Each structure stands twice: as C-alpha cells, then as structure tokens.
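Colleague: Hi! Could you walk me through this one? I'm still new to reading structures.
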Amino acid sequence: MDALLNFLKQTGFATVDPKQLIMLLISCVLLYLAIVKKYEPMLLLPIAFGMLLTNLPGAGMFHEELFADGHVHWDMFGGAANEAGQVVSPGLVDYLYLGVKLGIYPCIIFIGVGAMTDFGPLIANPISLLLGAAAQLGIFATYAAANGVLGFDMLESASIGIIGGADGPTAIFVTSKLAPHLLGPIAVAAYSYMALVPVIQPPIMKLLTTKKERQIEMKQLRTVSKTEKIVFPIVVTIFVAFLVPSAAPLIGCLMLGNLFRESGVVERLNKTVQNELMNIVTIFLGISVGATATASTFLIFDTIKIIALGVVAFGLGSAGGVLLAKFLNLFLKNKINPLIGSAGVSAVPMAARVSQMVGQKENPKNFLLMHAMGPNVAGVIGSAIAAGVLIAICS
C-alpha cells in the first residue's frame, strides 16, 4: 500500500498546476491551427508540441534555471547544484535548446532559405531594395512604442519589434540573444502572423491605395545573368558585414545558401541544405522554442501586449512598403504598382502571392508575382540587417 501511495504521489495528476492545464489547452489549440487550418504547420506544429512537452507535470524535459539570466549555466549541465542546492538533471529539450541559445539553428535555417531564394527579381529591379527597407518601419516603430510607451526595456522592445519583419528565424535569433524569457510568446506571435499574411495584408493594401493604383501594370523584368547572380551574394555579404557586423551571421548564412544555388558546382550541398538539413533543424528549433513557453513565462499580461504589438508591427511593415511605392511614383516615369510594396515583409513567398492575388482581382491582366518577389527577398535581407542593428544598439 505504501508503494502504491508513493507512486500516486509522483504521478502528474498529483502534482499538476492549474496553469499547466491552461498551457496544455493552448498547445492543443495551436496544434489544431497547424494541422486542421494549416497555419505555418512546418514550425507551428513542433512549437505547439514542444509547448505541450514542457508543461507536462513532472516530465522534466526543460529546466529554465539552466538558462537563467540569459546565460547558459554550463556548470549545472555538469552536475553542479542550483541556488536551492538541488542538482538538476538536464532533459532532452535542454540539450536541443542549446542550438537556439547559441544561435545555431536560425543560421542553419538561413542557409536553407538562401538556397531556395532567387534574388533575380531584386537584381533586375534594384528599387525593390528600397521597398524592402521601407517595410522595416514596423520593426523600429514597434521598438520605440514598446520601450517608450508600454514599459518594456530596450532588450525586450528590440525582440518584440523584430516580429514586424515577419521572419520567424530572425525573431528567434534576436530574442534568444536579448530577451530569452520572451522567446515563447514572441515565436508564437511571429509564426502566427506569418500564417495570417493573406488575412492581415489585403485590408491594409486596399486602405492605402486607390483602385487606379492597384490596376497599374508593370513591364516585364529583364533577364538576369548567371554572373550577376553569383556576384550578388558575395558583394552583399561583404557590404553588410562591414556596415552592420552583428548581422553577419544571418546575412552570411543566407548568402552562402544562395551561392550554393547559383554557382551550380555544389548541387549535392544545395539539395542537402534545402531538404534534409533544413528539415532536421526545423524540428529541433520548433520543439526547443516551444519548450520555453512555460506557464510562468507565457501566462502573464506581457504576453497579451506582445501579441498586440506584433500585429501592429506587422501592419506597419506592410504599410511602409506601400507608402514608399506611392511616394516613388511621384518621380518615376514607369510607375510601380504600390501593392508590391506590402511584399517587403520577409514572409517569402506568401507576401508576394498576396500582392499578386489582390492585383489580379483589380486587373486580370496584372501579373505582379515576379515584381513582388523583389521587395519580398529584399525584406529577408532587410530584416536580417534590422536584427543586426538592434543587437548592436542593445549590446
């Protein structure tokens, strides 16, 4: 009987906290959105399951004290006691999370993103770079609002602002360095808004443009040579690394992947980073990021503020590109369809597809997809540079 009672006391049913039950419910809702609604399932599903794992009572898969105060406590991984004098046995997710904390997973994913990205539309129409830069308005405006109005400190504000780039790996990279305690809610917000691009962007695009502007037809882009495509990642890496050294890890990995693609001499590596490597790292990244969403860090009022600021950041980013395109049209002979400006957020290629969809509804002869891909891939570069700027400012 004593053995039975002892067993019952050690079950999760005896030790469960009501807050953990709420987190389990939230994780199940996210699983539903990923599986049934297909909202960014590649990352939302492992994030949701990681959230489920970390909130199972007594499972001990993730220990926040190993990463307290933003540092990896290597001595505790080796068996040293914590402040309470207890020896922590690191769990599976603790080891997986090291890849997030050390900035490994986001950079590897950027290699895969680079290998899947065609920078041809950007090279063919360099003005796209300005539209991608304008879309970073959401990042810096939200950073200012979070820090100056809502009481977040500089590190937290920078991590929240980066949601406006609509780039999950970049948001995770910045947050893991500056405000790891917010990693759970920021990751969930970033990937949720990436999935909601077709819902959030069209009303903003229509609000800021006239019907005549949405009907503007653009000329076909010129053909970009192979030499240009090979030189581009090399030049961008050197220039950005000199300009914003803290952005070099993300930009360097992005451009390395693109060089694999465009050089044509490492096809095996190109296929590997696009498929096997990226898929494996995506699983590890999702599970370990989701595991940071414990009840104590997620079920707080700040989470609601982060989610609200995230949608503001994303909306401002979409608006920034549209408004700059309208401004440029005051001086350009060949007008830009302002709809492609909203693709300056780095949700590739979904944001470009939304520009195409909205434009074709207004004018069936409109084919904006390739034009929108220019600002879209420029947004990937822009968000990485913005991340480097925020890290430099806050470090």
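Modeller: Happy to! One term to begin with: helices here are DSSP runs of H or I with at least four residues, numbered from the N terminus. Also keep in mind that this is a predicted model.

Colleague: Okay, where does phenylalanine 49 lie?

Modeller: Phenylalanine 49 lies in helix 4, which covers residues 41-54.

Colleague: And is phenylalanine 49 buried, exposed or partly exposed?

Modeller: Phenylalanine 49 has a relative accessible area of 39%. Buried means under 20% and exposed means over 50%, so a value in between counts as partly exposed.

Colleague: How far is phenylalanine 49 from glycine 286?

Modeller: In sequence they are 237 residues apart, while in space their C-alpha atoms are 8.4 Å apart.

Colleague: New topic! At what angle do helix 7 and helix 12 pack?

Modeller: The angle between helix 7 (residues 104-115) and helix 12 (residues 168-178) is about 155°, and their axes are 9 Å apart. Angles over 145 degrees count as roughly antiparallel, so that describes helix 7 and helix 12. Helix 7 passes helix 12 in a left-handed crossing.

Colleague: Which residues meet there?

Modeller: From helix 7, Pro106, Cys107, Ile109 and Phe110 meet Pro169, Thr170, Ile172 and Phe173 of helix 12. Seven of the contact residues are nonpolar, one is polar and none is charged.

Colleague: Last one: which residues of helix 22 are buried?

Modeller: Among them are Ala351, Val354, Gln356 and Glu362. The buried residues of helix 22 are covered by parts including helix 14 (197-208), helix 15 (211-214) and helix 23 (369-394).

Key. Residues numbered from 1 in each chain as written. Predicted model: local features only at pLDDT ≥ 70, side-chain atom pairs only at ≥ 80, totals over all residues. Heavy atoms only, no water. Buried < 20%, exposed > 50% of the residue type's maximum accessible area, 1.4 Å probe, protein only. Helix = DSSP H or I, 4+ residues; strand = E, 2+ residues; numbered from the N terminus. Contact = heavy atoms within 4.5 Å. Axes fitted to C-alpha atoms, helices over the stretch in contact; angles between N-to-C directions. Parallel < 35°, antiparallel > 145°, perpendicular 65-115°, else oblique. Left-handed = near helix turned anticlockwise from the far one by under 90°. Nonpolar A, V, L, I, M, F, W, Y, C, P; charged D, E, K, R; others polar.
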